[in-house]
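Take a look at the sequence and the model below. The text that follows starts where the two chains meet, then moves to single places within each chain.

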Amino acid sequence: MSRYAAMFDRLNGEGAFGAFLMLGDPGLETSAALLDAAVEGGADMIEVGIPFSDPVADGPVIQAAAQRALAAGVRVGDCFDLIRGFRERHPQVPVGILTYANIVVARTGFMRDAAEAGTDSLLIADVPALEAEPFVRDMEQAGIEPVLIAAANTPDRTLERIARLSKAYTYCVSRAGITGTHTGGSFDAGLVQRLTKFGAPPPIFGFGISKPEHVRAALAAGAKGVICGSAIVDSAARGEDVTQLIRSLKGATRNDSAPQ
Amino acid sequence: MRLSGRFGRFGGCYVPEILVPALEQLEAAFLDAQDDPAFGAELNDLLMNYAGRPTPLTRCRNLPANIYLKREDLLHGGAHKTNQVLGQGLLAKRMGKTRLIAETGAGQHGVATAIVGALLGFETVIYMGAEDVERQKLNVFRMQLMGAEVIPVESGGRTLKDAINEALRDWSASFETTHYLLGTAAGPHPFPTMVREFQRIIGREARAQMLEQLGRLPDAVVACVGGGSNAIGLFADFIGDPVRLIGVEAAGKGLDGEEHGATLLRGRRGILHGADTYLLQDEDGQIADTWSVSAGLDYPAVGPEHAYLKDSGRAEYVGCTDAEALAAFKALAESEGIIPAFESAHALAHALKLAEEKPESIMIVGLSGRGDKDVAQAQALLA
């Protein structure tokens with residue numbers, strides 16, 4: 001059983017909480033410590049960015065994180081080393097990479113190296129379902145689970161393809177825009193229902209999560225989990241202890257969690 | 001999508017899923033418009049009676065006489081950019097959009113977009129690298145004068161590629177009301193195909209004019225390549241002819257160093273701004289900083305059809321340094337009374353080289369824009 005499937009089993013209906021961090025931000029040592037802190041705070045799964053110079057799907061917070069990592073001289077190979085170290089310390093926690101197409105195609109054997117480091121899934125922000133098939137084939141050959149993005153404006157015929165190609169989970173975006181610019185609180189139950197109808201892997205909302213009420217709203221819309229990125233990255237950049245933020249967001253995924 | 005959007009193995013539509021419906025809508029509007037005589041008639045009317053087409057094909061009198069200049073510098077707005085912004089502007093109307101966004105480097109495409117925004121009544125927002133805003137104050141003012149808002153982009157290297165990133169981010173949130181009027185034959189499908197079709201008129205006219213003036217086809221057509229819209233527009237109608245197609249890239253301070261914009265000559269295949277194409281990048285796939293004296297050629301990617309024409313061998317691509325371009329800029333001004341854009345001076349510089357090697361060779365050079373925007377820089381460089 002894959003680490004994601006095992007995680008959903010363990011959670012037994014409780015919402016999954018994914019913490020996103022940019023690998024190498026602001027440097028390798030701090031980055032490794034932040035990954036551990038995310039697990040300590042209660043993250044069920046970790047999503048990691050491999051920094052790219054031109055992240056068109058990202059807002060200012062994640063852009064700045066990528067820039068800090070690149071300015072620190074972080075290379076793709078270093079990112080795999082960070083994942084490898086994390087995998088040794090946390091054998092059960094699923095790890096997914098979120099990055100851009102050019103990072104993937106520039107490295108011969110990217111999928112193999114990612115798999116060998118202990119990566120479970122890969123989402124390529126600028127590869128839509130239309131272009132995904134060759135990438136998905138390579139991922140499956142390497143033993144990595146593909147994750148595709150489904151948006152509220154994605155038509156049914158594309159959602160069917162996304163449902164067929166995705167494995168670990170389905171990354172849902174409820175509204176237009178880039179990361180870190182959503183005010184949260186509005187999650188499209190219709191998207192979740194359409195994905196469920198097509199038999200997609202568990203839907204997880206990925207944009208617009210920064211407060212416990214957003215987590216509850218996303219789960220109320222039928223999602224099986226949430227991923228929080230910009231809020232965590234921003235908190236880390238301010239030098240705060242991210243475990244507190246993660247603990248409060250994770251708390252909102254529990255079945256007995258009620259709005260205060 | 002109805003078309004493949006591929007040029008051999010290049011091209012495609014590599015954008016976040018959220019933008020795919022907007023690109024599908026654009027492709028549909030473009031294809032429907034191609035079949036609509038009313039659209040063609042309106043565009044043609046604007047091209048002739050507003051923008052000033054056809055542009056002349058001018059034989060050099062004092063430079064080698066076998067060089068013919070296709071005078072896009074005489075088009076309204078001062079460059080070939082106007083051809084395709086009129087086409088995309090009409091498509092945006094057809095789709096019911098009320099707002100245009102565009103990226104610009106030196107400001108030529110921003111000015112062209114501001115022109116169409118004013119003419120056709122759009123709210124217009126231009127993203128421009130903060131570095132370029134500083135360097136091109138006059139063009140910034142021209143855009144503002146025509147009612148466009150210019151937003152300086154502070155991210156990344158603060159130049160053209162960062163302006164494209166920012167325009168794509170805006171579009172991800174605004175596509176319902178907004179058309180992204182991309183400025184060159186690059187980016188995700190359908191832009192490379194659509195922009196080529198709107199620029200094809202350059203080569204179509206030049207070919208007919210040469211047949212009329214000389215009764216024969218040229219031996220070669222030469223155009224500069226940044227993103228590649230003026231080159232693909234000039235090449236398109238010659239692709240089936242026995243004519244050499246030569247694209248001239250910015251060799252900047254020299255192809256042996258890192259300070260150039262010669263994507264096809266020194267780049268490696270990759271994916272950026274929606275397309276599979278050649279890129280200047282490092283080993284990890286991080287996009288490189290580029291350099292050219294001409295801001296319009298200072299771009300680390302290139303239109304995917306050029307990548308295909310290079311690999312298939314149908315077109316040749318060469319480099320021209322800042323110094324060679326500057327010498328050609330000066331020569332055209334002194335000998336013919338025409339001040340070319342720095343971009344176009346790259347094409348001319350290569351044509352002058354060819355004319356020395358093969359004086360009998362008849363060439364059409366794409367004079368893609370006029371040099372007014374560059375005179376301050378030229379004054380400093382030639383001093």
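**Where the chains meet**

The contact draws 34 residues from chain B and 38 residues from chain A. Keep in mind that this is a predicted model. How much area do chain B and chain A bury between them? The answer is about 2,800 Å², with 52% of it on carbon and sulfur atoms. On the side of chain B, E17(B), R169(B) and D284(B) lose the most area to chain A. Together they make up 27% of what that side buries.

One salt bridge joins the side chains of R75(A) and D284(B), at 2.8 Å from N to O. D284(B) was also named among the residues of chain B that lose the most area to chain A. The count of residue pairs in polar contact between the two chains is 19, with both residues at pLDDT 80 or more.

Which elements of chain B give two or more residues to the side that touches chain A? They are strand 2 (10–14), helix 1 (20–34), helix 7 (160–174) and strand 11 (268–272). Helix 7 of chain B provides the largest share of that side, 8 residues.

**Places in chain B**

H273(B) sits in the loop between strand 11 and strand 12 (274–279) of chain B. H273(B) has a positive phi of about 50°, although it is not a glycine. Is H273(B) buried or exposed? H273(B) counts as buried, because its relative accessible area is 7% and the cut-off for buried is under 20%.

S344(B) is another buried residue, with a relative accessible area of 0%. S344(B) belongs to helix 13 (residues 342–357) of chain B. Which residues does S344(B) touch, leaving aside its neighbours within four places in sequence? They are C224(B), G366(B), L367(B), S368(B) and G369(B).

M146(B) lies in the loop between helix 6 (137–145) and strand 7 (149–153) of chain B. M146(B) is partly exposed, at a relative accessible area of 31%.

Chain B also holds a cis peptide bond, from H189(B) to P190(B), with omega near 10°. P190(B) is in the loop between strand 8 (178–180) and helix 8 (191–214) of chain B.

**Places in chain A**

Chain A has a cis peptide bond between D25(A) and P26(A), with omega about 0°. P26(A) is in the loop between strand 1 (16–22) and helix 2 (28–40) of chain A.

N12(A) is not a glycine, yet it has a positive phi of about 50°. Is N12(A) buried or exposed? N12(A) is exposed, with a relative accessible area of 63%.

End at helix 10 (residues 212–220) of chain A. Its buried residues are H214(A), V215(A), R216(A), A218(A) and L219(A). What do these buried residues of helix 10 pack against? Their partners are strand 8 (203–205), strand 9 (225–228) and helix 12 (242–251) of chain A. Just after helix 10, G222(A) takes a positive phi of about 105°.

How values were computed: Residues numbered from 1 in each chain as written. Chains lettered and ligands numbered in written order. Predicted model: local features only at pLDDT ≥ 70, side-chain atom pairs only at ≥ 80, totals over all residues. Heavy atoms only, no water. Helix = DSSP H or I, 4+ residues; strand = E, 2+ residues; numbered from the N terminus. Buried < 20%, exposed > 50% of the residue type's maximum accessible area, 1.4 Å probe, protein only. Contact = heavy atoms within 4.5 Å. Buried area = accessible area lost by both parts, 1.4 Å probe. Salt bridge = Lys/Arg side-chain N within 4 Å of Asp/Glu carboxyl O. Polar contact = N/O pair within 3.5 Å; in protein donor to acceptor, adjacent residues only side chain to side chain.
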